[in-house]
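The sequence and the structure come first.

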Amino acid sequence: MLEVTDLTVSYGAINAVRGVSLRLAEGELVTLLGANGAGKSSTLLAIAGALKSSGTVRVGGTDVSGWSPERMVRQGVAMVPETRDVFPDLTVAENLLLGAYARRRDRDGVAADRQRMFALFPRLQERQEQAAGTLSGGEQQMLVIARALMSRPRLLLLDEPSLGLAPTVVDQIFAMIAELKRQRLTILLVEQNASKALAVADRAYVLRLGKVAAEGRAADIAAASDLEHLYLGG
Ligand SMILES: Nc1ncnc2c1ncn2[C@@H]1O[C@H](COP(=O)(O)OP(=O)(O)O)[C@@H](O)[C@H]1O
Ligand SMILES: [Mg+2]
């Protein structure tokens with residue numbers, strides 16, 4: 001489904017991502033771990049077309065290297081950045097509609113998808129007429145994920161969805177990710193919460209200083225004695 005080869009991202013003199021290669025099979029949930037500054041967000045942004053990069057990105061066999069974010073969305077790639085941006089003055093329902101902007105003429109399909117999102121996130125249904133800016137942090141996270149899903153992606157890129165949320169909300173977010181996996185969505189999940197991410201993922205990559213320092217089945221990575229060392233970058 002996703003095949004990234006030798007991805008490189010630089011910010012001026014800073015080489016944030018240095019030759020990262022990764023693969024996701026259809027329906028796989030893969031987590032990308034690493035200490036702060038390891039290059040996780042830069043990797044996701046580059047895959048989504050939001051950052052200039054070198055290397056090759058293939059989605060479903062198509063070479064999409066250098067494509068714009070809008071074109072990537074049409075190719076079935078949706079990203080939820082760690083910035084968790086909602087349109088604060090628009091309602092929950094309006095925020096969701098914007099996620100389906102590329103296919104706004106398909107009114108029935110969009111309405112059906114909105115109902116699907118409300119089934120997945122009952123909290124959003126209760127608050128559909130509320131301004132998004134007045135939602136709690138956890139609810140805003142649910143809204144940005146639901147908005148990304150409104151584009152009907154084949155591949156979802158999630159950047160630190162549990163960051164800064166209360167433990168019960170973190171559990172809800174991970175339960176929702178497990179449900180999306182059950183529905184066979186392909187997911188690349190960046191997380192600081194390594195133990196929770198490894199519990200839900202099929203496979204994992206650990207980034208350190210912009211390079212893949214370890215990769216393998218999630219259970220094997222979780223059991224690795226040097227995980228803390230790799231993860232914390234010590
Ligand atoms: N916009 C930017 N300008 C300059 N340097 C950046 C920028 N964004 C990230 N970096 C640097 O790139 C490296 C990787 O950052 P990032 O991809 O955000 O890592 P992570 O998501 O793993 O914390 C870090 O050294 C960070 O300081
Ligand atoms: Mg990051």
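Which atom of ligand 1 is 3.2 Å from a polar backbone atom of Ala 38? It is an oxygen atom of ligand 1. The model is a predicted one, and the values below are computed from it.

An N or O atom in the side chain of Lys 40 is 2.8 Å from an oxygen atom of ligand 1. For Ser 42, the distance from a side-chain N or O atom to an oxygen atom of the ligand is 2.5 Å. On its own, ligand 1 exposes 560 Å², and 61% of that area is buried by the protein.

## The shell around ligand 1

The residues around the ligand include a run made up of Ala 35, Asn 36, Gly 37, Ala 38, Gly 39, Lys 40, Ser 41 and Ser 42. Tyr 11, Ile 14 and Ala 16 also belong to the shell. By class, the shell holds five nonpolar residues, five polar ones and one charged residue.

Two elements give two or more residues to this shell: strand E2, covering 14-24, and helix H1, covering 40-47. The largest share, three residues, is that of H1.

Lys 40, whose side chain has an N or O atom 2.8 Å from a ligand oxygen, is part of helix H1. Is Lys 40 buried or exposed? Its relative accessible area is 5%, so Lys 40 is buried, the cut-off being under 20%. In sequence, Lys 40 and Asp 159 are 119 residues apart, while their C-alpha atoms are 8.1 Å apart in space.

Leu 45 is also located in H1. Its relative accessibility is 27%, and Leu 45 therefore counts as partly exposed.

## Helix H7

Helix H7 runs over residues 167-182 and has 16 residues. At 1.5 Å a residue, such a helix should span 22 Å; the C-alpha atoms at its ends are 23 Å apart, which agrees.

Which residues of H7 are buried? They are Val 169, Val 170, Ile 173, Phe 174, Met 176, Ile 177 and Leu 180. These residues cover an arc of only 155 degrees around the axis, so they lie on the same side of H7. On the face turned away from the buried side are the exposed residues Pro 167, Thr 168 and Arg 182.

## Positive phi at two arginines

Arg 84 has a phi near 55 degrees, a positive value in a residue other than glycine. Arg 84 sits in the loop that joins strand E6 (77-80) to helix H3 (92-99). With a relative accessible area of 15%, Arg 84 is buried.

Arg 152 is not a glycine either, and its phi is positive at about 55 degrees. The loop that holds Arg 152 lies between helix H6 (137-149) and strand E7 (155-159). Is Arg 152 buried or partly exposed? At 43% relative accessibility, Arg 152 counts as partly exposed.

## Pairs separated along the chain

Asp 89 is another residue of the loop between E6 and H3. Its relative accessible area of 73% is over the 50% cut-off, and therefore Asp 89 is exposed. Asp 89 and Gly 133 are 44 residues apart along the chain, and 6.2 Å separates their C-alpha atoms.

Ala 148 belongs to helix H6. A relative accessible area of 9% makes Ala 148 buried. What distance separates the C-alpha atoms of Ala 148 and Val 77? The separation is 9.1 Å, for two residues that are 71 residues apart along the chain.

Technical notes:
Residues are numbered from 1 along each chain as its sequence is written. Chains are lettered from A and ligands numbered from 1 in the order in which they are written. This is a predicted model: local features need pLDDT of at least 70, side-chain atom pairs count only at pLDDT 80 or more; totals for chains, interfaces and linings use all residues. Side-chain values use heavy atoms; hydrogens and water are left out. A residue is near a molecule or strand if one of its heavy atoms lies within 4 Å of it. A polar contact is a pair of N or O atoms within 3.5 Å; within protein, one must be able to donate a hydrogen and the other to accept it, and residues adjacent in sequence count only if both atoms are side-chain atoms. Accessible areas come from the Shrake-Rupley method with a 1.4 Å probe; for residues, only the protein chains shown count as cover. Helices (H or I, at least four residues) and strands (E, at least two) are DSSP runs, numbered from the N terminus. Ala, Val, Leu, Ile, Met, Phe, Trp, Tyr, Cys and Pro count as nonpolar, Asp, Glu, Lys and Arg as charged, and the others, Gly among them, as polar. The expected span of a helix is 1.5 Å times one less than its number of residues. Buried means under 20% relative accessible area, exposed over 50%, partly exposed in between (1.4 Å probe, protein chains only). The arc is that of the directions from the helix axis to the C-beta atoms.
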